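The sequence and coordinates are shown first.

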Amino acid sequence: MRWKRIRAIAVKEMIQIRRDTRSLIIALFMPLMQLILLGYGVSLDIKHVPICVYDQEGSQNSQALLKHFQASDYFSITALLGNYRQVKRALDSDLCRVAIVVPHDFSERLSDQGSSTVSLLADASDDNTANIAIGYAQAVVATFSGNVQLEAAGFGGNPPPQGGVLLQERVWFNEGLDSRYFIIPGVIALIMALVGALLTSLTISREWERGTMELLISTPVSSNEVMAGKLIPYFVIGLADAVFCLVFAVFWFHVPFRGTLFTLFFTTSLFLVVVLGVGFLISAGIKSQIGATQIAVLVTLLPTSILSGYAFPIDQMPPVVQTITYLVFARYYVTILKALFLKGSGILDLASPIFAMIIYASVVAFLAGRAFKKTLD
Amino acid sequence: MNPGEDTLVEASHLDKSFPGVIAVNDLSFTVQKGEIFGLVGPDGAGKTTVIRLLAGVMAPDKGTVVIDGIDVVRDPERAKEHLSYMPQRFGLYEDLTVDENIQFYADIFEIPPSLRQERIVPLLTSFGMEEFRRRLAGQLSGGMKQKLGLMCALIHTPKVLLLDEPTTGVDPVSRRDFWKILYSLREEGVSIVISTAYLEEAARCHRLALMYKGRIEHCDTPDNLKKLMPGTLLNIESSQARKVQKALQGQAGILGVLLMGDRVHVTVDDPRRKAEIDRALREEGIEAHPAVPTEPSMEDLFVELLKKEERG
Ligand SMILES: Nc1ncnc2c1ncn2[C@@H]1O[C@H](COP(=O)(O)OP(=O)(O)OP(=O)(O)O)[C@@H](O)[C@H]1O
Ligand SMILES: [Mg+2]
């Protein structure tokens, strides 16, 4: 490996990217577009989920709980119902997505045992919305029952009882109840995967298609020098896009970032090695630009958007699909990003996904190094 | 031919097949230092494939290529330091400027910056390209593109230059310039292997290989090759050249008739046929100068030899 040759190829590639409108659009505008589309698209969907209420008790307590729902941006109460048959009909007819049933003994149990249950029925046909709605409902109930418990504690002088409503972990770390918090870190993974693989998938196929490869391979430059020289510019672009996404997420969408920049930089670099390596593999294997682009979209966008857990929680997938997600390299990065943004996990907490990414990166780098052959055969 | 010290290219028993085609078939030749070796042959004869095998961008199925003592198949990277290859299809970056392309190949061949100016400037001058330095390669004319290709090929002063139809689509004046440069290179001891579709160009090579269906059918100096011409060649100038061709085709004692603009080349079995031909044309009422014995051109030779191959 000669640094001067690598640099020559990197410089040449950079000039070509600068003069290629298509590459510029992918590198510069696609991240912004994706952030806006996915950032807003998802969060708008999830506001004002229609709910119905069947209040069996009709007490002051139950009214107070329902006020919590009404006050939240995430729900609109569309009907007050009198029996279970009406509840079922309301769900079936799409009058509401979620129905809440407050039991007869709601207040009684709250004062006797310090906790009480509220039933929640969801229309499961739209799993994703239902899941997120359930999360919100739990959080709304939690803030309410927290208040009640504190009041009880003030009366009797007892320690506040444990229990109440158990929340899912992701809602715990998403205390603003904003689904964007939960989505945006994953969107960053999606953007990096798409941009990285799309750009690099063109780098080798372009040279084959334009006939410049034949001349390049007649020089003493080695295939590893070609690979390194071609990937360096995309690595830099990938990191720049990551910084852009971070800034946009924090300052535009106000997603908290609680981790360290070092961990983010380190894991992002690992992810880029994998993504660029996959793009390079595709590019080396498929000599037409269009074919390479299509395959790149297929192997990055599809698994990343469906199976990485960026929007659809992995633990709610069928077991077989859950097993498959271990093969999707983006899943590790999504896990890491969510932990970095929302929990502020340190590099040691993330040891296992980082380890998985290191294995992935080594395998892909190894394969990519052998994929490109300096021959026309 | 025994490869001596001055042999820079030695191809022996090269075979290369593609699905359904034998592109190169048991082919051997050598090229000496300072020699211009020409490859001619009809489309699909295998010229490009041979040059690719020499350049090390494709591996032969069988056989060896040795460039300046280095085995190209076994040690391609080292051999490539002494080689320059100009593919049939323009191989430079059209979205880079002339200067950027030159600098790129100078970097790839690790030309030290101190040497660059003294090497690049004279090249630009002798190719008449100084004023186009900032132009994108894609916006150059066909002839200028080929010159740029040759310039990039010469940046590292190669010992062997492999040119695949470098003058196709280039106007005759630029083509002459191109050949001037090739002659000056051979004076510096560079060996040149060149394929060409222009037969008058082929006559300028020191040695010429006529390729047909993957084989070299004849390989010699242009003068010796011309001796392979059967019969005698007569040149007839006429404003009605096409009529002359029609009238003579298939007549007794006439081996071949070749139309060349306002001239017709007629191959006859015996020089004494001249009188018969002149009389026949007069009787047909065709205006024509009397037939004159002439030296066969490369085209005559080529057509004649190919005819023989096709007959088997
Ligand atoms: N990469 C390839 N794959 C399959 N067949 C090939 C390939 N390259 C060449 N051929 C075939 O091999 C034969 C020789 O081709 P080649 O390009 O070497 O001929 P050529 O003499 O250079 O022709 P031209 O004058 O048209 O450039 C042809 O029949 C061609 O179709
Ligand atoms: Mg050819």
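Q: Into which domains is chain B divided, and how many Å separate their centres?
A: In this predicted model, chain B comprises domain 1, residues 7-226, and domain 2, residues 232-295. Taken over C-alpha atoms, the distance that separates the centres of these two domains of chain B is 39 Å.

Q: What does the domain assignment give for chain A, and how far apart do the C-alpha centres lie?
A: Domain 1 of chain A is made of two segments, 3-43 + 178-371. Domain 2 of chain A covers residues 49-142. The C-alpha centres of domain 1 and domain 2 of chain A lie apart by 42 Å.

Q: Among contacts in chain A between residues at least 6 apart in sequence, what percentage join residues at least 24 apart?
A: Chain A contains 15 helices and four strands. Of its 377 residues, 53% count as buried. Among contacts in chain A between residues at least 6 apart in sequence, the share that joins residues at least 24 apart is 80%.

Q: What area is buried between chain A and chain B?
A: The size of an interface is often given as the accessible area lost when the parts come together. Here the contact takes 26 residues from chain A and 27 residues from chain B. Carbon and sulfur atoms give 55% of the area buried between the two chains, which is about 2600 Å².

Q: Which three residues supply more of the area that chain A buries against chain B than any other three?
A: The area buried between chain A and chain B is about 2600 Å². Of the part that chain A buries against chain B, 22% is supplied by three residues, more than by any other three: Arg19(A), Leu215(A) and Pro220(A).

Q: Which residue of chain B meets the side chain of Arg19(A) in a salt bridge?
A: Seven salt bridges are found across the interface of chain A and chain B. In one that involves Arg19(A), the N to O distance is 2.9 Å, and the partner side chain belongs to Glu100(B).

Q: Which element gives the largest share of the side of chain A that touches chain B?
A: Between chain A and chain B, 18 residue pairs are in polar contact. The elements that give two or more residues to this side of chain A are helix H1 (3-19), helix H8 (179-210) and helix H9 (213-216). The residues on this side divide into ten nonpolar, six polar and ten charged. The largest share, seven residues, comes from H1(A).

Q: Is Thr219(A) buried or exposed?
A: Thr219(A) is found in the loop between H9 and helix H10 (223-251) of chain A. Its side chain reaches the backbone oxygen of Leu216(A) at 2.7 Å. Beyond its neighbours within four places in sequence, Thr219(A) is in contact with Lys374(A), and with Glu77(B), Lys80(B), Tyr105(B), Ile108(B) and Phe109(B). Because its relative accessible area is 2%, under the 20% cut-off, Thr219(A) counts as buried.

Q: How far apart in space are Val40(B) and Leu199(B), C-alpha to C-alpha?
A: Val40(B) has its place in strand S3 (residues 36-40) of chain B, and is buried with a relative accessible area of 0%. Leaving aside its neighbours within four places in sequence, its contacts include Thr196(B), Leu199(B), Ala202(B) and Phe302(B). Val40(B) and Leu199(B) are 159 residues apart in sequence, while their C-alpha to C-alpha separation in space is 7.8 Å.

How values were computed: Residues are numbered from 1 along each chain as its sequence is written. Chains are lettered from A and ligands numbered from 1 in the order in which they are written. This is a predicted model: local features need pLDDT of at least 70, side-chain atom pairs count only at pLDDT 80 or more; totals for chains, interfaces and linings use all residues. Side-chain values use heavy atoms; hydrogens and water are left out. Domain bounds come from an automatic or database domain assignment. Contact means heavy atoms within 4.5 Å. Buried area is the accessible area (1.4 Å probe) that two parts lose on being put together, summed over both. A salt bridge is a side-chain nitrogen of Lys or Arg within 4 Å of a carboxyl oxygen of Asp or Glu. A polar contact is a pair of N or O atoms within 3.5 Å; within protein, one must be able to donate a hydrogen and the other to accept it, and residues adjacent in sequence count only if both atoms are side-chain atoms. Ala, Val, Leu, Ile, Met, Phe, Trp, Tyr, Cys and Pro count as nonpolar, Asp, Glu, Lys and Arg as charged, and the others, Gly among them, as polar. Buried means under 20% relative accessible area, exposed over 50%, partly exposed in between (1.4 Å probe, protein chains only).
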